[in-house]
Amino acid sequence: MSATLSPAPRPDAPAPRPGALAIDIYVPGKSKAPAGVPLRKLSSNETPFGPSPKAVEAFRAAAADLEIYPDGGARALREAIARAHGLDPARIVCGAGSDELLSLLAHAYVGPGDEGLFTEHGFLVYRIAILAAGGTPVVAPETNLTADVDAILARVTDRTRIVYLANPNNPTGTYLPFDEVKRLQAGLPRDALLVLDAAYAEYVRANDYAAGIELVSSCENVVMTRTFSKVFGLASLRIGWLYGPAGVVDALNRIRGPFNVSGPAIAAGAAAIADRAHIDRAVAHNARWLAELTEGIQALGLTVTPSVANFLLIHFPDEPGRRAADADAFLTQRGLILRAVGAYGLPNALRLSIGSEDANRAVLAALGEFAKDRQLG
Ligand SMILES: *Cc1c(COP(=O)(O)O)cnc(C)c1O
């Protein structure tokens, strides 16, 4: 889907609810290289390892039953997730990507006149979800490209119904230590729902980090969302899940589509989460290259925001010929596709997903050329 201007509303035609036309259409990372140049897509935080072969096998086997409706409760998938994390499967809801769950939460808890909070460089889906539900988005400033608990709490009003926190955040790669997340929860009113979006949790190695399972277990107003799109390599299948208090799970099960996760997705997801070795390999590769690329790119004279996820935010000088847009054009010419993040309030940065060893080396070499030509560093 490409971004288009919305047509002027006609007085004689059905009008969408207020807020819908205030949404800027989400523009995904680019995925095209110039003709004849091999494409290296490093713009959507996908894994260079692909999915577990066991997940692919389960997906293929599911092709035998495509005329049959899937299990609307996605029981096999919830049980596999519960086993992997030691959770109660009754408190898990699966969705068509975690994006669906993030938006179902807004639909369940936010209405016209209500406010939904998120942070300055937070994931774009939160604004879309709040506006689509008829609510008012409220943005809390960040400090050093990191969520700031005091700034969030300062923007809470008696109309705040939901607070979204990506931890770690996309596109900055920064995170809040678990102590800070607990302080955030403790400062929120009991009727405001805290959504911990832990899409990159598997990649985080910091020992003061936690995805939030413990907080969900002990609080009535916290949910955690997770995805199979990143380290599990199943982005195309659209599988996310949520762990929450019984009341939230009940509300979501009432409003979600009755068959919102497909049969092949249920089968492949259950197989993927059981293949621990596959995930461990991807995480080890990521840890190595996160460090090597951070150091390598900094050595070129560019600023890199320290990341705990599977991507890096690279900042460029605000000078003609040296800006993020110049680097983006330079890299695209060479088939290296990064993510422009102007829509996230970061017009002079690019987000680089950690790729295969070959792709990582190619990016480092190309950025080196860019820096040398422009005498950076
Ligand atoms: C990629 C991502 C997701 C996952 O989206 P899916 O719909 O599960 O593919 C959620 N939150 C953040 C912050 C992300 O970057």
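## The loop between β5 and α6

Pro 168 lies in the loop between β5 and α6 (178-187), where helices (H or I, at least four residues) and strands (E, at least two) are DSSP runs numbered from the N terminus. The peptide bond that joins Asn 167 to Pro 168 is cis, with omega near 0 degrees. Pro 171 is found in the loop between β5 and α6 as well, and the bond from Asn 170 to Pro 171 is also cis, with omega near 15 degrees.

The model is a predicted one, in which local features need pLDDT of at least 70 and side-chain atom pairs count only at pLDDT 80 or more, while totals for chains, interfaces and linings use all residues. Residues are numbered from 1 along each chain as its sequence is written, and side-chain values use heavy atoms, with hydrogens and water left out.

Most residues other than glycine have a negative phi, and most peptide bonds are trans. Leu 145, in the loop between β4 (136-140) and α5 (149-154), has a positive phi near 60 degrees. Arg 238 is not a glycine either, yet its phi is positive at about 60 degrees.

The side chain of Arg 238 meets that of Asp 99 in a salt bridge (3.9 Å, N to O); the term denotes a side-chain nitrogen of Lys or Arg within 4 Å of a carboxyl oxygen of Asp or Glu. Because Arg 238 lies in the loop between β7 (222-227) and β8 (240-243) and Asp 99 in helix α3 (residues 97-109), the pair ties together parts that are 139 residues apart in sequence. The whole structure contains 18 salt bridges.

## Domains and their interface

Domain 1 (33-49 + 277-373) and domain 2 (53-275) make up the domain assignment of the protein, with bounds that come from an automatic or database domain assignment. The contact (heavy atoms within 4.5 Å) takes 26 residues from domain 1 and 25 residues from domain 2. Taken over C-alpha atoms, the centres of the two domains are 26 Å apart.

About 2200 Å² is buried between domain 1 and domain 2, of which carbon and sulfur atoms give 67%; buried area is the accessible area (1.4 Å probe) that two parts lose on being put together, summed over both. Ile 279, Val 308 and Tyr 344 supply 31% of the area that domain 1 buries against domain 2, more than any other three residues. The count of salt bridges between the domains is 0.

## Pockets

A pocket is an open set of points on a 1 Å grid over the protein atoms alone, with protein on both sides within 12 Å along at least five of seven lines; a cavity is a set where a 1.4 Å probe fits but cannot get out, and lining residues have an atom within 4 Å of a point. Grid points are joined across faces, edges and corners, and a volume is the space filled by probe spheres set on the points.

The largest pocket holds about 600 Å³. Its lining has 28 residues, of which Tyr 26, Ser 44, Asp 99, Phe 123 and Lys 230 lie nearest its centre. Both domain 1 and domain 2 give residues to this lining, so the largest pocket lies between them.

## Cavity

Of its 15 lining residues, Thr 119, Ala 147, Leu 165, Ala 166 and Asn 169 lie nearest the centre. The largest share of the lining, 3 residues, comes from β5.
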